[in-house]
Amino acid sequence: MAADKQNEGKVSLTDENKENLPDGGLGLEILQIIKESQQQHGLRHGDYQRYRGYCSRRLRRLRKTLGFKMGNRHKFVGKKVTVEMLSDNRYLLLVLMEAERAWSYAMQLKQEANTEPRKRFHLLARLRKAAKHSEKLEKLCESPRVDAKTKLEAQAYTAYLTGMVDFELQEWKLAMEAFNKCKTIYEKLASAFTEELAVLYRQRVDEISPNIRYCAYNIGDQNAINDLMQMRLTGGGGGMMAEKLEALITQARTKQAATMSEVEWRGRSVPVKIDKARIFLLGLADNEAAIAQTANEETKEHLYETLLAECRDTIQAVREEMKSEAKQRERSSDGDSGKVSNLQFLHSYLTYIKLCTLVKRNESMAHTLQAKLKEPETDETKRGPRPQDLIRLYDIILQSLAELSTLQGLEDDHTFQKEVSLKTLVYKAYRCFFIAQSYVLVKKWSEALVLYERVLKYAKEVQSKAKSFNNSLKDLPDVQELIAEVNAEKYSLQAAAILDTDETAEVPSQQQVKDNTPLSERLETFRLDPTLVGKQPNLVQFPPDFQPIPCKPLFFDLALNHVAFPPLDDKVEQKGKGGLTGYIKGIFGFGS
């Protein structure tokens with residue numbers, strides 16, 4: 001509510017706008033007010049009901065502020081804004097909001113009319129009401145109190161809503177005249193005013209141009225279809241025009257589908273008897289060419305989604321036909337159950353197209369995210385892309401490739417199976433690369449380094465197997481660029497791991513406990529060791545280990561038992577001989 005009141009204040013004038021206005025002094029930025037209100041109150045997401053509620057609330061506030069009461073609580077008394085009341089531009093805004101409220105209600109009914117056709121009558125009534133209010137606004141702006149720019153904008157706004165009414169009524173000439181008038185006025189205004197306002201006017205011209213070409217085509221201009229196709233590629237013709245353009249393209253393909261009888265794929269010709277499948281296969285080349293020519297990512301995404309939706313509808317039609325064919329086979333015993341039927345092979349072909357389109361779409365989104373990932377972040381409050389987003393995309397791609405390898409009728413096609421397995425290796429390498437980058441963001445250096453080695457393993461395996469598939473795999477990403485990027489990331493990762501001294505807790509504790517090899521003994525391998533930049537770096541082992549040396553020889557005297565020693569009796573004192581004789585000799589000295 002507060003935002004509504006602020007927007008309302010942008011267009012209100014000061015006290016100078018009261019009665020004493022000079023001629024041509026009253027102004028209203030009609031297109032700017034409309035665009036800002038629509039973008040801020042629901043139309044950015046196509047919510048016309050929300051915008052309609054905003055218009056009603058703003059009308060109530062304007063009437064209360066201006067004292068423009070429509071009776072009282074007991075009785076309604078209708079009042080109209082007259083030229084004499086134009087002392088404030090909010091009277092003009094009052095009529096503008098009435099037209100916008102009726103228009104938004106008509107657009108809301110148009111969305112609901114897809115499922116409830118009766119609402120189309122109410123839709124036309126509300127569009128006529130919006131055009132009537134715009135005509136009232138144009139008449140009020142003819143007053144000399146209103147400036148020339150506001151008069152022109154009111155005329156363009158009236159022409160736009162009148163053209164919308166005629167367009168819905170399929171009055172192509174009247175609608176074309178109204179849209180051309182609107183386009184001319186906005187082109188003149190764009191060339192006369194500032195660049196900021198000129199951008200708004202040019203955007204409105206771009207919105208109107210597809211409607212003009214569509215009217216020209218329905219009048220009889222056959223060249224207009226080419227312009228419409230080109231506008232489709234550039235993203236023009238949104239909303240109501242987009243539905244009519246798609247219906248026109250389908251109608252043109254239906255006329256060509258009568259000449260198509262079969263399609264050839266993987267060396268087998270398959271008859272196409274289902275009209276929906278014929279229409280889809282005829283438009284497949286045009287859709288792929290349109291996607292290839294489109295530079296706008298938003299338009300490319302829309303074309304991919306359109307192609308996938310058509311493919312799913314076609315596959316569903318083939319499945320229903322397969323069910324009826326299966327019932328017929330059950331009744332008759334002639335069917336060959338071992339061979340894949342033509343209808344089943346056509347189903348496999350359509351499924352192949354759907355899965356390949358999914359792979360291309362996700363790969364395109366991945367390239368866009370990669371480019372944004374390399375850009376520096378300008379807005380810190382806004383969440384930018386992360387490696388986890390890319391991991392999810394490559395998961396979907398790998399899942400699609402896994403489904404491709406299980407298609408019926410292609411189990412024995414070894415060339416196809418090898419192509420799918422090689423594509424799987426390529427996208428596994430890219431998925432592994434972004435998983436490693438997600439680990440780098442949280443400073444898990446060891447895990448990231450292991451994953452980078454795995455990427456190199458996948459890439460080298462792709463290079464060794466891709467020599468015989470140069471033509472069929474030319475659309476795959478170049479793994480050589482991935483190898484160069486991984487090598488650069490590895491060296492920067494090793495440097496960052498060594499310099500990161502604050503996050504030592506991130507290192508796995510098992511690595512610290514089990515492997516205490518000093519730096520001098522592992523110079524040829526890289527291992528994260530936080531102690532190298534600490535106070536006690538593990539450079540060499542100290543004290544050094546004992547080393548074996550030759551021991552001192554131990555001699556055994558084996559010759560001693562065989563040596564004859566000389567007698568030593570003359571040197572050894574002999575003991576006295578035993579008995580009395582010896583004793584007497586000793587006393588008298590005879591024995592000396």
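Leaving aside its neighbours within four places in sequence, Y427 is in contact (heavy atoms within 4.5 Å) with V359, E363, Y394, I397, L398, L401, L476 and P477. This is a predicted model, where local features need pLDDT of at least 70, side-chain atom pairs count only at pLDDT 80 or more, and totals for chains, interfaces and linings use all residues. Residues are numbered from 1 along each chain as its sequence is written, and side-chain values use heavy atoms, with hydrogens and water left out.

**The whole protein**

- You're looking at 19 helices and 2 strands; these are DSSP runs numbered from the N terminus, helices being H or I with at least four residues and strands E with at least two.
- Of the 592 residues, 39% count as buried, meaning under 20% relative accessible area (1.4 Å probe, protein chains only).
- The accessible surface comes to about 36,400 Å², and 51% of that belongs to carbon and sulfur atoms; the areas come from the Shrake-Rupley method with a 1.4 Å probe.
- Take the contacts between residues at least 6 apart in sequence: 68% of them join residues at least 24 apart.

**Y427 itself**

- Y427 sits in helix α15 (residues 414–441).
- With 2% relative accessibility, Y427 counts as buried.
- One of its partners is L401; Y427 and L401 are 26 residues apart in sequence and 9.6 Å apart in space, C-alpha to C-alpha.

**α15 with α17**

- The axes of α15 and helix α17 (residues 479–499) come within 11 Å and cross at roughly 20°; axes are lines fitted to C-alpha atoms, for helices over the stretch in contact, and angles run from 0 to 180 degrees between N-to-C directions.
- That makes α15 roughly parallel to α17, the label for angles under 35 degrees.
- Their crossing is left-handed, so the near helix is turned anticlockwise from the far one by less than a right angle (clockwise would be right-handed).
- On the α15 side, V426, A429, Y430, F433, Q437 and V440 meet V479, L482, E485, V486, E489 and L493 in α17.
- By class, that contact has 9 nonpolar, 1 polar and 2 charged residues; Ala, Val, Leu, Ile, Met, Phe, Trp, Tyr, Cys and Pro count as nonpolar, Asp, Glu, Lys and Arg as charged, and the others, Gly among them, as polar.

**α2 with α4**

- Helix α2 (residues 30–40) and helix α4 (residues 90–112) have axes that come within 12 Å and cross at roughly 50°.
- The α2–α4 crossing is right-handed.
- I30, I33, I34 and Q38 in α2 meet L93, L96, M97, E100 and W103 in α4, giving 7 nonpolar, 1 polar and 1 charged residues by class.

Definitions and conventions. Buried < 20%, exposed > 50% of the residue type's maximum accessible area, 1.4 Å probe, protein only. Parallel < 35°, antiparallel > 145°, perpendicular 65-115°, else oblique.
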